[in-house]
Amino acid sequence: MGFRDFLPKNAQDSTDLVNGKADQSNVYSVEPKDSSSVEQDDRKVTEEYQSGVKKTEGMALVWTRGSLIGAYIGVYLVFFFTSLQSQTTNNLTTYVYSSFYSAPLVTTASIMSSIIGGVLKLPIAKMIDVWGRAEGYLVMVGLTVIGLILMATCKSPEQYAAAQVLYWVGYDGISYILDVFIADTSSLRNRALMFAFSTSPYICNTFAGPALAQAFYNPLVANSGPGWEWAFGAFAFIIAGVCAPLSVIMIYYQRKAEKLGVYKRDTSGRTTWLQAAKYWFIEWDVIGIILISAGFVLFLLPFSIANYGLNTWHSAEIIVMIIVGGLTLIAFGLYEKYLAPKCFIPWELLNDRTVLGACILAASLYVSFYCWDLYFYAYLQVVFGLSVKEAGYLSNTYNIGSCFWSIIVGILVRWTNRFKWLAMSAAPLMMLGAGLMIHFRQPDVNIGYVVMCQIFIAFAGGTLVICEQMAVMAAASHQHVAVMLAFVGLFSSVGGAIGDAIAGAIWTNTLPKALEAALPDNLKYMTNTLYLSTTTQLSYDFGTPERTAIIEAYGVAQRRMCIAATCVLVIAWASIFIWKDIRVDKKRQVKGVVIG
């Protein structure tokens, strides 16, 4: 891997590039193009692209190698501290809800966060394509900070859940925009490796996050730490400070590109408010965004509502929302194909078998993952008696393994120039790991076997996530990379919401009944109290009738969750077969000073 510097080494100023004085033979080596590649003028932005994409190209054309390195240091710092914050606060979420005696609300809040965060990636993609990467990035940072402040000051579980949704929109938006930034500034051949680079902070933060969470709040020790509220409040200020340098770099070089004439603002001749409104209405494909957003929300919201009661799936409200949501999604497809004056997602990409297969893979992987992961942390504490820190370490085995292995995957993609064979190899390993969990995710099994299953799933997951992203990007041009990443991210979020819903349904339908059956007759009245609060469950010592019954009930619920997770992976493996075997060295997408 190397930095492809489009400025000559002895360039006196960026204006040499603008004026065409640079010796192009000494600037870069272009990876081979396929027959469908369009010749590009490497001294100016691609005029047919949208404004936000042209800003990014202009930035890459005028900055230097040192600026690129500085930007990637900024990217790494943002990923490092956002992952540290996520690892810390995620380990405290259960206790936040338990403090309000609303532990089951974890499922509903998680579902809503997944749905809204995933759906909003689509308008975010349009925003950064039309408006700019830097501008969208600043908006997402603002939402994240506001969400953290609101979570730190909440007084009820409903307030916390609402703040969590706002926070996740911003958090997911930051990660997504930085992924797009990496795609903007790296060649397709090296992109898998750069994506792996962005996730590497999770390796060390997997250990630091749980330890920091325990320092803020330890439920096993009275009056330990300042409390979970301070964790959210402290990170609100940390995230704001860490995200600032990268935004300064992006804005500075975007303006420099405009000043040097590499990028010119579009002049449409609009003179009235009505003309401007009509232009942006078409440019943003407002109807398409509303249809797909409303469709997914209406289709997935019943999964959350139904988990509040056990007998609501047959109600008219649930049925109507599912039907209307499905019809709205169908309407979106028809509108984009036949009526949209400017398609949000080009129809040929929606119809591409590689894109379709990658999206199905993303959804099925996240359905499977969240089926077994949602209550895994509580299971480790209740069944094995692990501390906050120890449970955090073990539950994050997936993060450690997948982030480490994704670096190997990036190297293999660069070396072989292909990614489909890696996905085909990883899918059976994922099924093996999930299948073994059915037997080993039980109270009387050595915890080492649980770790073994996690390692299998981690290596397979690290491979498949990178490959699905590479698949959608390889099928598109630079103009549509942001939308494609948003689209596959949407399917991941939808899959996560469905997986959460399945896990929540199994939990609410299994744990109370299994707990009541396992409790002695004189303690059955405690079923609801024990079910609602993880803190209460942990208050009973091992060997007591209450703790023994709780452990037995957890085993029943976990087994059913793992069975569901394994069944879904059959779809994941099948979806890879329909991909095209695309060579990443045959397609050029970016220009300027990039990692190539």
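Start with how the chain touches itself in this predicted model. Take the contacts between residues at least 6 apart in sequence: 81% of them join residues at least 24 apart. The chain has 596 residues, and 58% of these count as buried. Its accessible surface comes to about 23,300 Å², with 64% of that area belonging to carbon and sulfur atoms.

What is the chain built from? Its secondary structure comes to 24 helices and two strands.

Find helix H10 at residues 228–259. H10 holds 32 residues, and from its first C-alpha to its last it reaches 47 Å, close to the 46 Å expected at 1.5 Å a residue. Follow H10 along to Ala244 and you will find a bend of about 30°, with a proline, Pro245, following within four residues. Just after the helix comes Gly261, which has a positive phi of about 85°.

Now move along to helix H18, residues 397–416.

Next, see which residues of H18 are tucked away from the surface. Thr397, Tyr398 and Asn399 are buried, and so are Gly401, Ser402 and Cys403. Further along H18, Ser406, Val409, Gly410 and Val413 are buried too. After H18 you meet Asn417, whose phi is positive, near 65°.

Note on methods: Residues are numbered from 1 along each chain as its sequence is written. This is a predicted model: local features need pLDDT of at least 70, side-chain atom pairs count only at pLDDT 80 or more; totals for chains, interfaces and linings use all residues. Side-chain values use heavy atoms; hydrogens and water are left out. The expected span of a helix is 1.5 Å times one less than its number of residues. Buried means under 20% relative accessible area, exposed over 50%, partly exposed in between (1.4 Å probe, protein chains only). Contact means heavy atoms within 4.5 Å. Accessible areas come from the Shrake-Rupley method with a 1.4 Å probe; for residues, only the protein chains shown count as cover. The bend at a residue is the angle between axes fitted to the seven residues ending there and the seven starting there.
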